Amino acid sequence: MSTQAVAWALCLGAAISLAPAARAAEPVDSRALPAPGASRDVPVATDVRVGGDDKQTRFILDLSQKIDLAAFTLADPYRVVVDVPQVTFKLPAKAGDQGRGLVKAFRYGLIMQGGSRIVIDTKGPVRIDKAFTLDAADGQPARLVLDLVATDRDSFLRTIALANKPTRTAARNSGPAPKDDNDPRPLIVLDPGHGGIDTGTKGLNGENEKEVVLAFAQTLRDKLLVSNKYRVVLTRDDDTFIPLNERVRFARQRGAALFISVHADSIPRSEGQAEGATVYTLSEHASDAEAARLAESENRADVIAGVDLTAEPNDVANILVDLAQRETKTFSLQFARSAVGELKSTARLHRNPLKSAGFVVLRAPDVPSVLVELGYMSTKDDLKALTSPAWRAKTADALAQAVDTFFGPRLAAGAGGAAR
Ligand SMILES: [Zn+2]
């Protein structure tokens, strides 16, 4: 996929410069703030230093103990990715916002259960000259050391082609086992966007989209479970990064009957004010410029976390062919309409609340899928709503109602036919 060649979307640009993932943000809801790495044996990163110039730069991370590491480079934008076991980052505020020498900026955070990642944006193509960790010695803590040297684009690309065995995030196995044939209730997969190293967009006071949407998805799950009519699982129930394709695979493998991805948007002040919720379905032709901009930015999650999209099996291309699967498309639209109808009475809606665009997470050919943008983190009133438990409960009720409307006829038919 060539999205990497496209210019940074503004809202993600903001996410990157503002937010090392592990920095404490305003608590949104205590339930929404998992404590990754809270256990005693998790190594702690206590400080970080970057030194050197445009030819040679050294990155040093102080640690409570020596750890293993795997480092590799990615292009467009130029990045160095360092994969380590789960680390608790207790770095100074704003660490990573500004670099030095070849390092433009860096971010860090949990990428999966048991694994953390540091992603370093570099000013140009670099070669990893050395990457190692040292035991504590001579009054110095254990350290992770990374030496980068400037190189030219051709050599950089050659190194990637030869050496990089891009890390593949293992399929997550939270939730029930794939496809439980013994349980006839429809399975709904809720997909809180972003997570871990990818914070999503930022609110006016530093709130993270990843926390807002997780809290919402958890509330919606609880509402849906009350009736006992559905099985409900979340693609993530904690602060973990999950690549976009993995989210789609998660829903397909489990035979989901409905997939709801939950996000919150943000637009730069210069583009004026925007407010309210929007429900998106998949289309290769975005319904308007804002929809195109948003899909572009949401699809960049993998770039933020340093996942090499080019290494993914080409599900997306194959799935585009399958877009002709009209039934899935029709069901998706049906649910989206019903969601907008229900939200109308409880939440503020965007002036044009039903849209379509090419979101990667909506590309399962056989699972009706929608993406709900709850509102704008960049708009004061929206943000107030998004972070309020009362609004969350009310809005989750509306969506649960839309789910009932969507499944109602089918469940009724199923109940009649399944008398054994
Ligand atoms: Zn998002």
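Guide: L190 stands opposite L234 in β11. This is a predicted model, where local features need pLDDT of at least 70, side-chain atom pairs count only at pLDDT 80 or more, and totals for chains, interfaces and linings use all residues. Residues are numbered from 1 along each chain as its sequence is written.

Visitor: What makes β10 and β11 a pair?

Guide: Two strands pair if DSSP finds at least two bridges between them. Four bridges join β10 to β11 (residues 231-234), so they pair, and they run parallel. Strands are DSSP runs of E, at least two residues, and helices are runs of H or I, at least four, numbered from the N terminus.

Visitor: How do you know that β10 also pairs with β12?

Guide: Five bridges link β10 and β12 (residues 258-265), in the parallel sense. I188 stands opposite L258 in β12.

Visitor: Why is the unit of β10, α3 and β11 called right-handed?

Guide: The term applies if, with the strands pointing away from the viewer, the path from the first strand over the helix to the second runs clockwise. β10, helix α3 (residues 209-226) and β11 make such a right-handed β-α-β unit.

Visitor: Why is β10 called mostly covered?

Guide: A residue is buried if 20 or more other C-beta atoms lie within 10 Å of its own (exposed: 12 or fewer; partly exposed: in between), with C-beta atoms placed from the backbone. In β10 (residues 187-192), six of its six residues are buried. L187, V189 and D191 cover one side, and I188, L190 and P192 the other.

Visitor: What makes β8 an edge strand?

Guide: In the open sheet β5-β1-β2-β9-β8, β8 (126-134) pairs on one side only. Its partner β9 (residues 142-150) runs antiparallel to β8 over eight bridges.
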